[in-house]
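Please read them with the structure open.

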Amino acid sequence: MGDTISPTAAGYIYGRSLPQRFYCNDTIFNEDVNFLSQTQWLLVDHSARIPQAGDYFLFKCGKESLIIVRDRSDEIHAFYNVCRHRGSLICLEPTGHVKALTCPYHAWTYDLSGRLIGASSMPSEFDKTAHALKRAHLRVESGLIFVNMADGEPPSFERFIERHRPFLAPHGFDTAKIAVQMVYPTEANWKLVVENFLECYHCKPAHATYCAVHSADKLLSLGAGPGSASGDLATKFDAELAEWEQATRTAGQLVGMFGDDVDAAYFQGSSRTPIQKGFLTESVDGKPVAPLMGSYVAYDGGQTACSFNPISYVMASNDHAVLFLFAPRGPLRTDVITTWLVREDAVAGRDYDSAHLTKVWDVTLKEDKTITENNQRGVLSRHYEPGLHSLHEKRISDFVAWYMLHRRPTPTDMVDEDRIRPAS
Ligand code: FES
Ligand SMILES: [Fe+2]
């Protein structure tokens, strides 16, 4: 059993946090970005962010910057923000509206589909058609934009998304509107941000607001979705969940959940669970914060949580939804990009109040930023050593094992398979 073996300074053992270098080393960080961006589909935003032809935003991940732009045929593209002349960044502002993409250095100009349409004083044999912008893979599902940066064929998007479709369907994301977007820059490695999101062990000491909104037993059993807890904690919420599922199923609404284990290529999960008795939506007082979305005609008090991969999530109540992306920006820097969605026709000030809408997660994410940055500072000490996970932290144990099993290149000290898998 993994947790009976003492961790060494170098090695990783299932059920413990990682050795220090995985939380701060430059080379490992660069490998991590390649691993995530090439093997996963990353949720970068909602298509309502760029409603008109020529609207764009930048998505930055590690050293890469992508221009996500809508063309005149309403198609959305992801271009590498690298000029085909001598490599300058083309778009400098994080978001904007352009007629064409013009490099600020020598004014090479690309149309919104990435074709080079202007390059002055080039030799007569120069072939513009061979100098289109390079592109990343992009898919739009229910209005959500996903990108993948594999050099060749991307991993199957169908396999990536198919199990989430029933969970996304009732919420009407394809016709949603972005009410608020906030970025919480966090001075911590992306894995510490993910680990913090995958356990609710810290909820009681750190999140008074969040704990007042959600059922206490749910936070113990399912605080980080399916597979959150082990031992007795795992079943604490069973009776309350069964009662809600029966009522919700009878009302014709979706219930259910799935969660992947460490061998899955995508390490995904989706679930529908009740927020707390008497709470219609995930707001500070449980009262509605916006008009019902999608096919909902009444509140069922449930929350849909979709985990697409360890850095991309959606949490949806009946009347709003929140997208989360933990964008790795540097070995000690992660941007927590958070987007609140409401129904397309909802009007700020009339149908929703932005402060009420965002309160639960805004407070919680600020608290998370503080505790995660403190975690990172401690991990940088030469006295840090990998610590044993609690019964509340099973999802972290599995995430870390998944990461160690799937990342490439495989760390050289990962020699004993028995130590990096859960005990069977
Ligand atoms: S580097 Fe872009 S035009 Fe020269
Ligand atoms: Fe938290």
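1. Where does F160 lie? In helix α2. Bear in mind throughout that this is a predicted model. F160 is buried, with a relative accessible area of 0%. Leaving out residues up to four places away in sequence, F160 touches W41, F146, Y266, Q268, F308 and N309. Its C-alpha atom is separated by 15 Å from that of D263, which is 103 residues away along the chain.

2. P154 can be read next. It sits in the loop between β10 and α2 (157-161). P154 is buried because its relative accessible area is 16%, and the cut-off for buried is under 20%. Beyond four places in sequence, P154 touches W41, H137, R139 and N148.

3. Now the metal site. Which residues supply the protein donors of the iron ion (ligand 2)? They are H202 and H207, each through NE2, and D368, which is listed with two OD atoms. These donors lie 2.0 to 2.7 Å from the iron ion. Along the chain, their spacing is H-x4-H-x160-D. H202 belongs to the loop between α4 (190-197) and α5 (203-206), while D368 belongs to helix α9 (residues 354-379), so this pair ties together parts 166 residues apart in sequence. Both H202 and D368 are buried.

4. Why is the arrangement around the iron ion (ligand 2) irregular? The angles subtended by the four donor atoms run from 52 to 151°. A tetrahedral call needs all angles between 85 and 135 degrees. For reference, the ideal angle for four tetrahedral donors is 109.5 degrees.

5. On to a helix pair. Helix α1 (residues 26-39) and helix α10 (residues 394-406) have axes that come within 11 Å. Those axes cross at roughly 90°. That makes the two helices, α1 and α10, roughly perpendicular. From α1, the contact uses I28, D32 and F35. From α10, the contact uses W402, Y403 and H406. By class, the residues in this contact are four nonpolar, one polar and one charged.

6. With neighbours within four places set aside, H406 is in contact with F35, V262, D263, A264 and A265. F35 is also named in the contact between α1 and α10. The C-alpha atoms of H406 and P226 are separated by 20 Å, and the two residues are 180 apart along the chain.

7. Is H392 buried or exposed? H392 counts as buried, at 16% relative accessibility. Its place is the loop between α9 and α10. Apart from neighbours within four places in sequence, H392 is in contact with E199, Y201, L220, S228 and L233. The C-alpha atoms of H392 and S221 are separated by 7.7 Å, although the residues are 171 apart along the chain.

8. D335 is in strand β17 (residues 333-343). At 7% relative accessibility, this aspartate counts as buried. What does D335 touch, not counting residues up to four places away in sequence? The list is V183, Y184, P185, L325, F326, A327 and R329.

9. Most residues other than glycine have a negative phi. D74 has a positive phi of about 75° and is not a glycine. D74 is in the loop between β3 (64-70) and β4 (76-80). This residue counts as exposed, at 51% relative accessibility. S142 also has a positive phi, near 50°, and is a residue other than glycine. S142 lies in the loop between β9 (137-141) and β10 (144-148). Its relative accessibility is 25%, which counts as partly exposed.

Terms used: Residues are numbered from 1 along each chain as its sequence is written. Chains are lettered from A and ligands numbered from 1 in the order in which they are written. This is a predicted model: local features need pLDDT of at least 70, side-chain atom pairs count only at pLDDT 80 or more; totals for chains, interfaces and linings use all residues. Side-chain values use heavy atoms; hydrogens and water are left out. Donors are N, O and S atoms within 2.8 Å of the metal (3.2 Å for Na, K and Ca); water is not among the atoms, so sites may look incomplete. Four donors count as tetrahedral if all angles lie between 85 and 135 degrees; four count as square planar and six as octahedral if opposite donors are over 155 degrees apart and all others between 65 and 115; anything else is irregular. Helices (H or I, at least four residues) and strands (E, at least two) are DSSP runs, numbered from the N terminus. Buried means under 20% relative accessible area, exposed over 50%, partly exposed in between (1.4 Å probe, protein chains only). Axes are lines fitted to C-alpha atoms, for helices over the stretch in contact, and angles run from 0 to 180 degrees between N-to-C directions. Angles under 35 degrees count as roughly parallel, over 145 as roughly antiparallel, 65 to 115 as roughly perpendicular and the rest as oblique. Contact means heavy atoms within 4.5 Å. Ala, Val, Leu, Ile, Met, Phe, Trp, Tyr, Cys and Pro count as nonpolar, Asp, Glu, Lys and Arg as charged, and the others, Gly among them, as polar.
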